[in-house]
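Please keep the structure in view while reading.

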Amino acid sequence: MKASKIYSMWFIVPAATIFSVFFLVPVLISLFFSMTIWNFDSFRFVGFDNFVLFFSERSLAISMKNTVIYAFLSSGLKVVLAFFIAIFLTSRIKSKNFIRSLVFFPNLVSTIAIGMVFKSLLHPTKGFVNTVLGTVGIEGISWLGNPDLALYSVILTDVWKGVSIATVIYIAGIVSIDQTFYEAAAIDGANEWSKLKNITIPLVRPAMNTVILLSLIGGLRSFDLIWAMTGGGPGFASDVLASTIYKQYAAGFYGLSTAGNVIMLVLIGVIAFPLRKLLLQKEMD
Amino acid sequence: MDKRCIVHSESIAQMLLFMNNKDDGGIKEMKKLLVMILTIVMVTSLFVGCGSKTEEPTAAKPAKTEAAKEEATKGETEKTEAKEEMAGLPFEGVELTIMMDQNTVAEGVEAVAAIAKEQLGLDVSMDRSVGGSEGDNLTKTRLASGDMTDLFVYNSGSLLGALNPSEYLLDISGEPFMAKIADSFKGTVAIDGAEYGIPLNTIMAGGIMYNKAVYRDLGLEVPTTWDEFLANCEVIKASGTSAVIGTYGDAWTSQVTFLGDNYNVLAENPNFATEFEAGTAKFATSPAGVKSFQKLIDIEPFLNLDYAVATFDEGVDMLATGEGAHWPMLSFVMANVSDLYPEAVEDIGVFGIPGDNPDDQGLTIWMPNALYVNKDSENIDAVKAFFELYLSTEGLDAYTAAVPPTGAYVVEGYALPGDTMSIVKDDMQAYIDSGKTAPALEYMTAVKGPNCPAITQEVGSGQTTALEAAAAYDADCLKQAIQLGLDW
């Protein structure tokens with residue numbers, strides 16, 4: 001018995017080494033440097049000043065609010081839209097495979113490329129979107145220049161990209177539902193809507209939970225799309241936590257930037273872990 | 001690995017799935033052949049497509065081969081191609097690279113580089129990077145990672161401090177060519193007694209560039225107070241032209257209205273800079289300081305429709321063609337105008353951002369950016385020879401011939417040629433001669449908040465009040481002061 005115990009411990013060592021060197025140690029080092037003022041050569045210990053600064057400065061408080069809005073809104077839209085697109089793509093249509101590839105295409109393109117293309121599409125005077133809207137009489141909306149609209153324009157672009165992978169996950173979930181459920185319901189005289197509500201939605205729960213968690217965590221961390229489209233502007237209107245952290249880093253405030261990263265870690269942990277527990281519980285029922 | 005590889009696998013998989021739906025026996029052989037062909041195509045394209053490096057300005061390897069050929073710089077490609085031996089030249093075969101942002105016109109440096117090739121055998125190539133805060137970040141990162149070119153261009157003044165110059169830059173204070181440079185400039189590239197850079201070009205004015213043709217057509221006069229300026233804007237707006245050009249798509253341009261108002265801030269309180277450095281004076285508590293931010297709000301109704309996303313290049317077009325009448329901007333833009341719209345150069349003038357006193361309208365002056373030397377460069381002697389040439393009369397003449405001066409040079413004893421554009425000779429010189437100039441704040445104090453462009457962009461697009469913006473900028477400067485170790 002003892003021999004097998006030693007045997008299994010040694011197998012963990014390679015993975016554990018990689019895990020601690022690339023994950024644990026950096027996290028611990030970050031926790032330390034987040035409490036200093038640091039310029040790569042020397043550091044000065046300041047305790048929690050960096051964190052206090054992060055919460056008290058107005059531009060940073062805006063970014064926290066924007067991050068939460070961004071994550072929940074984009075996640076919500078992806079969950080709902082992807083579900084209906086997936087239902088459509090699992091029904092009996094001929095060009096199913098072709099449309100599935102088409103829907104998946106946005107996920108293959110670089111986010112920065114999407115950001116740059118949409119930035120020019122959403123230009124208030126020369127962009128394609130406004131030209132089309134102009135023909136039906138809606139004039140001159142400044143999608144990325146209007147501080148109230150900028151964040152939502154970026155969210156919509158993110159949904160356009162993210163709905164692709166969410167759809168694929170949903171399709172996998174729907175296809176795995178046993179057909180006998182539908183046959184039994186048909187015999188009992190259920191119509192399409194009733195089948196959807198009582199069979200599909202409950203049984204696609206695992207896929208839905210995956211989509212919710214992935215898109216929420218992705219939304220909380222999102223950076224490249226916002227940076228490519230607005231750079232956090234105009235002013236600070238579309239700044240999120242990740243872009244704020246980047247700006248602190250670019251200004252040379254390495255300690256402050258690390259503190260921001262620690263805050264992001266805590267925020268994601270506080271939202272993701274309980275949510276996961278809640279969703280898993282619902283799944284069990 | 002590239003995302004294109006995944007597309008290949010995806011489409012191959014689709015094709016195989018499709019083919020699997022038919023279970024005709026005779027097709028099996030064709031299928032095998034097809035699968036083999038497609039696999040070979042996929043694998044070869046992996047090596048061809050995925051193997052090539054994408055062009056990145058942050059490429060770790062020296063950019064001289066890639067970037068120099070990418071940029072359509074006129075003399076450059078011929079120079080790198082010409083490998084003929086020049087007998088007896090002191091630095092033949094030596095290659096120098098200079099990192100410079102894309103917004104700055106490069107023809108001047110290239111003209112000097114051409115002379116360097118003839119006289120010294122030096123091959124000087126340019127590595128063009130993005131501008132703005134991204135370029136800033138790139139410079140700092142490349143210095144910190146030991147990956148910088150021999151020379152690079154960066155701001156002088158307080159912003160130099162952020163680069164940690166004693167660590168990464170060569171001290172050139174004792175060199176003979178430094179004696180030619182005016183003390184006022186040397187003070188902006190010196191920290192703790194060590195001097196690090198030579199001036200790249202001329203001083204620039206930060207004021208309101210205006211299109212003289214529009215003024216002529218509408219019968220307007222150069223305003224001497226801020227209210228007169230706004231009245232002019234009303235007239236211009238009524239005539240259908242954009243009264244003020246806004247290019248907040250490039251956030252750094254929104255700062256000029258605020259920073260260029262320094263003359264008026266100093267006019268109210270001449271000790272503002274020293275008090276600000278000590279932490280006692282704040283923008284929020286000084287009326288002229290708040291007014292500087294208020295001016296951004298005042299011009300908002302007169303901006304072009306797409307001001308929030310318009311870029312610097314679009315601003316140049318608008319100013320030169322007369323689509324926009326005023327543009328708060330630094331005068332270095334005249335180099336871009338003379339490059340793209342040479343016939344419009346004489347139509348553009350500048351006046352200092354007016355204050356409330358019609359008798360005291362002054363111009364805020366920016367020192368030129370500087371050329372700094374990477375301490376770890378392998379060609380220090382070549383660099384010093386290049387600098388010697390750069391500051392010699394011959395070098396300056398070459399620079400001036402390629403890029404018309406947009407201000408006075410800070411090299412002592414060098415006079416501007418007679419055909420200098422009128423904005424420099426007449427408009428700017430008038431302010432210099434009457435003594436109504438003040439340096440920008442960043443040359444008087446080490447503290448300039450890094451969020452300045454975002455704050456001015458925010459107040460300029462109407463999201464905050466002037467007082468809020470002033471308070472935000474003070475908080476930002478406080479943050480930087482703490483990070484720099486100043487005791488505020």
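How many of the 10 residues of helix α12 (residues 241–250) of chain A are buried? The model is a predicted one, in which local features need pLDDT of at least 70 and side-chain atom pairs count only at pLDDT 80 or more, while totals for chains, interfaces and linings use all residues. Residues are numbered from 1 along each chain as its sequence is written, and chains are lettered from A and ligands numbered from 1 in the order in which they are written.

**Chain A and its helix α12**

In α12(A), 8 of the 10 residues are buried, so this helix is largely enclosed by the rest of the structure. Here a residue is buried if 20 or more other C-beta atoms lie within 10 Å of its own, exposed if 12 or fewer, and partly exposed in between, with C-beta atoms placed from the backbone. The buried residues of α12(A) include Leu241(A), Ile245(A) and Tyr246(A), but also Lys247(A) and Gln248(A). Just after α12(A), Gly252(A) has a positive phi of about 95 degrees.

Chain A as a whole has 13 helices and 2 strands, these being DSSP runs numbered from the N terminus (helices: H or I, at least four residues; strands: E, at least two). Of its 285 residues, 34% count as buried, and its C-alpha atoms fill a box of roughly 80 × 75 × 30 Å along the principal axes.

In chain B, the axes of helix α5 (residues 107–120) and α17(B) come within 10 Å and cross at roughly 120 degrees, where axes are lines fitted to C-alpha atoms, for helices over the stretch in contact, and angles run from 0 to 180 degrees between N-to-C directions. The two helices are therefore oblique to each other (angles under 35 degrees count as roughly parallel, over 145 as roughly antiparallel, 65 to 115 as roughly perpendicular and the rest as oblique). Val112(B), Ile115(B), Ala116(B) and Leu120(B) of α5(B) meet Ala385(B), Phe386(B), Leu389(B) and Tyr390(B) of α17(B).

Leu391(B) lies in the loop between α17 (380–390) and α18 (393–402) of chain B, and it counts as buried because it has 23 C-beta neighbours inside 10 Å. Leaving aside neighbours within four places in sequence, Leu391(B) is in contact with Phe177(B), Lys180(B), Ile198(B) and Val411(B), contact meaning that two C-beta atoms, placed from the backbone, lie within 7 Å.

Most residues other than glycine have a negative phi.

| Residue | Phi | Loop in chain B | C-beta atoms within 10 Å |
|---|---|---|---|
| Asp192(B) | about 55 degrees | between β4 (190–191) and β5 (194–195) | 7, exposed |

**Contacts between domains and chains**

An automatic or database domain assignment divides chain B into domain 1 (66–202 + 368–402) and domain 2 (204–366 + 421–484).

Between the chains, the contact takes 30 residues from chain B and 31 residues from chain A. On the chain B side, α1 (3–20), α6 (132–144), α20 (452–460) and α21 (466–484) each supply at least two residues.
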